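Colleague: I'd like a close look at one part of this model, please. Take me through it slowly.

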Amino acid sequence: RRNNVLIVLVVFFLFGLGFGIFSFKGFSDFKAAAQTYLESFVDLRTDSGFLKITVNSFLVSLTYIVLCFIAGSSALGIVVLPFVVALRGAVYGALMALLYSEYALKGIAFNAVMVLPAAAIFTAALILAARESVGFSLRVARLTLPRTSPSNLYYDFKNYCGRYLVICLLVLVSALADGLISRYFSDSFSL
């Protein structure tokens, strides 16, 4: 019962993942976006050094984390956050569907080695960030109810920011893993 928010967020991620996989062939714009994403993913990792890959991966991932942080500091975050998690699931799902359908065994190997390790770490960070944001958003939303007595959110917000610093460290670990894997395995697992 204490993890009901976490379970709902995981379900939204899995829903997004399934949507990305199963709607891949049905929508040509979705397929084109996945192809563009894969091309930029591969281009960055074949022509760049460790630092550039790590910084790029960190900044792309940080975009989702910042979006979760901002949504969590408003009363509407409760509604927005599951869709942010589902969006990232849809991106991963479309990427997997493209790799598996276009590149067969080579795509499966590329996904398993080049995409999944960093994606798993980042997904855990994203879901944790969304959970923290939903909790803080609920506190903010409760203050807007008519019969709620006013309270100070200073310490809650301070804890919220502290937890996000830890989550940002997890995102950095994900980016470092992406940079290391891309640097050392990109030649062996090229598409």
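Colleague: Which residues do ring pairs link into a cluster?

Modeller: The cluster is made of Phe69, Phe136, Phe157, Tyr160 and Tyr164, linked by ring pairs. Before the details, a word on the ground rules. This is a predicted model, so local features need pLDDT of at least 70 and side-chain atom pairs count only at pLDDT 80 or more, while totals for chains, interfaces and linings use all residues. Residues are numbered from 1 along each chain as its sequence is written, and side-chain values use heavy atoms, with hydrogens and water left out.

Now the rings. Phe, Tyr and Trp rings (for Trp, the six-membered one) pair if their centres lie within 6.5 Å; planes under 30 degrees apart are called stacked, over 60 edge-to-face, and the rest tilted. By this rule the count comes to 14 aromatic pairs. One of them joins phenylalanine 69 and phenylalanine 157, a tilted pair at 6.1 Å centre to centre with 55° between the planes. Phenylalanine 69 sits in helix H3 (residues 50-72) and phenylalanine 157 in helix H5, so this pair ties together parts that are 88 residues apart in sequence. Helices here are DSSP runs of H or I with at least four residues, numbered from the N terminus.

How covered are these two? Phenylalanine 69 counts as partly exposed because its relative accessibility is 24%, and phenylalanine 157, at 33%, is partly exposed too. (Buried means under 20% relative accessible area, exposed over 50%, and partly exposed in between, with a 1.4 Å probe and protein chains only.)

Tyrosine 160 is at 2% relative accessibility, so it counts as buried.

While you're on helix H5, which spans residues 154-185, have a look at serine 182 as well. Serine 182 is buried because its relative accessibility is 0%. Its side chain makes a polar contact of 3.3 Å with that of arginine 45; such a contact is a pair of N or O atoms within 3.5 Å, where, within protein, one must be able to donate a hydrogen and the other to accept it, and residues adjacent in sequence count only if both atoms are side-chain atoms. Setting aside neighbours within four places in sequence, serine 182 is in contact (heavy atoms within 4.5 Å) with Arg45, Ile53 and Met114.

Terms used. Helices (H or I, at least four residues) and strands (E, at least two) are DSSP runs, numbered from the N terminus.
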